[in-house]
Protein chains: 2
Amino acid sequence: MRLTRYTDYAMRVLLYLGREPERLCSIGEIAQAYGISQNHLMKVINDLVHAGFLASLRGRNGGIRLARPPAEINIGALVRHTEDDFDLVGCGSCIIAPACGLTSVLDEAMAGFMAVLDGYSLADVLARRPDFSHLLNPVAPREAVRS
Amino acid sequence: MRLTRYTDYAMRVLLYLGREPERLCSIGEIAQAYGISQNHLMKVINDLVHAGFLASLRGRNGGIRLARPPAEINIGALVRHTEDDFDLVGCGSCIIAPACGLTSVLDEAMAGFMAVLDGYSLADVLARRPDFSHLLNPVAPREAVRS
DNA sequence: ATAAAACATGTATCCTGATTGCATGTTTCT
DNA sequence: AGAAACATGCAATCAGGATACATGTTTTAT
């Protein structure tokens, strides 16, 4: 019973950016802070930008930030977007699926799962444990732009 | 978001046996009925026997059947047994896990998921859609023992 | 007793799909 | 013009589940 690392990374990005919703961060900074693959993270972030969770600014001194305030970003909606396969047990390949009483039960269980996530916003999650900055890898601040 | 095929197979076995709780079935018969790997199924069933979900009778004309009436077999308990990894997003490898507000939210969501499954017995599932026998592959009846 | 049926278990191989890395393009700022 | 940073596609890799194969053990029927 697992979500993909894709979803994992997406949530980490939102948590990171949610600490300072206004600041523009580069993808490299986030990858370094967590010590994870920048290439993979870039794809996840790209997807989140297209989906409207993040706003990106291209070009030099560009970066990404939350597209909306943390209180308006729903965790359930995020998971629904990043996790595309909700066919828990591959009913698609089971021959009794058309008349299987389990499918409705599993659907209901999944609904129960998502209902909990739908009940929380990024702001709620951040409020629970606001202080994780000290656990991140140290990141050199972006060089100041010469005036 | 998926459960393993291991869990999938375990549930199919219970559904199959639940139709006729008293009858002794061979593992080969069930594998053939669903058109799935007998080897893999054997391991799953073995596990279920040890866990007390099934009763097996070895030797010639042996087989397996439910260890208890369908009403006393809980779906949540089954999934809890066959699905051993409930670390949804690999928090074990995330550096901010000790101070991450997401872990408690995910735990709560998982509890919501399992709560639904805990609310159903095999009998409940069978009652929902009792007629799937015609979807199974035809299985040659075990040769009658010569008297 | 013996053979056959059926359960039991370990090892090794295969294979899917997520993950990652590499190469290259596009945009925007200085 | 050039550097920084986002954007995208493709190929290589890797982990873990799934499967096959080989063999052992138990029980029953004759």
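Predicted model: local features only at pLDDT ≥ 70, side-chain atom pairs only at ≥ 80, totals over all residues.
Biologist: What share of chain A is buried?
Modeller: Of the 147 residues in chain A, 46% are buried.

Biologist: What about contacts in chain A with a separation of 6 or more: what part comes from residues 24 or more positions apart?
Modeller: Those residues account for 69% of such contacts.

Biologist: Let's go to H2 in chain A. Mostly covered or mostly open?
Modeller: Mostly covered. H2(A) takes in residues 27-34, and six of its eight residues are buried.

Biologist: Which ones are buried in H2(A)?
Modeller: Ile27(A), Glu29(A), Ile30(A), Ala31(A), Ala33(A) and Tyr34(A).

Biologist: What covers them?
Modeller: The cover includes two helices of chain A, H1 (5-18) and H3 (38-50). Strand E2 (63-66) of chain A is also part of it.

Biologist: What happens just after H2(A)?
Modeller: Gly35(A) follows there, with a positive phi of about 70°.

Biologist: You mentioned E2(A). How does E1(A) run against it, parallel or antiparallel?
Modeller: Antiparallel. E1(A) covers residues 54-57, and four bridges join it to E2(A). One of the facing pairs is Leu54(A) with Leu66(A) of E2(A).

Biologist: What lies between the two strands?
Modeller: Five residues; E1(A) and E2(A) make a hairpin. In its turn, Gly59(A) has a positive phi of about 85°.

Biologist: Now chain B. How many bridges pair E1(B) and E2(B)?
Modeller: Four, in the antiparallel sense, between residues 54-57 and residues 63-66. Leu57(B) has Gly63(B) in E2(B) as its bridge partner.

Biologist: What phi does Gly59(B) take in that hairpin?
Modeller: A positive one, near 80°, and five residues sit between the strands.

Biologist: What rotation superposes chain B on chain A?
Modeller: One of 180°, with 0.0 Å of shift along its axis and an RMSD of 0.1 Å. So the relation is that of a two-fold axis. The same surface serves both copies, as 100% of the contact residues of chain B recur in chain A.

Biologist: Stay in chain B. At what angle do H1(B) and H4(B) pack?
Modeller: About 145°, with the axes 9 Å apart. H1(B) is residues 5-19 and H4(B) is residues 75-82.

Biologist: Is that crossing left-handed or right-handed?
Modeller: The crossing of H1(B) and H4(B) is right-handed.

Biologist: Which residues make the contact?
Modeller: From H1(B), Tyr6(B), Thr7(B), Ala10(B), Met11(B) and Leu14(B). From H4(B), Leu78(B), Val79(B) and Thr82(B).

Biologist: Last topic, Asp107(A). Where is it found?
Modeller: Asp107(A) is in helix H5 of chain A, which takes in residues 101-118.

Biologist: Why does Asp107(A) count as exposed?
Modeller: Because its relative accessibility is 54%, and the exposed class begins over 50%.

Biologist: What separates its C-alpha atom from that of Pro70(A)?
Modeller: The C-alpha atoms of Asp107(A) and Pro70(A) are separated by 29 Å. Along the chain, the two residues are 37 residues apart.

Notes. Residues numbered from 1 in each chain as written. Chains lettered and ligands numbered in written order. Heavy atoms only, no water. Buried < 20%, exposed > 50% of the residue type's maximum accessible area, 1.4 Å probe, protein only. Contact = heavy atoms within 4.5 Å. Least-squares fit on C-alpha atoms with pLDDT ≥ 70 in both. Axes fitted to C-alpha atoms, helices over the stretch in contact; angles between N-to-C directions. Left-handed = near helix turned anticlockwise from the far one by under 90°. Pairing = 2+ DSSP bridges.
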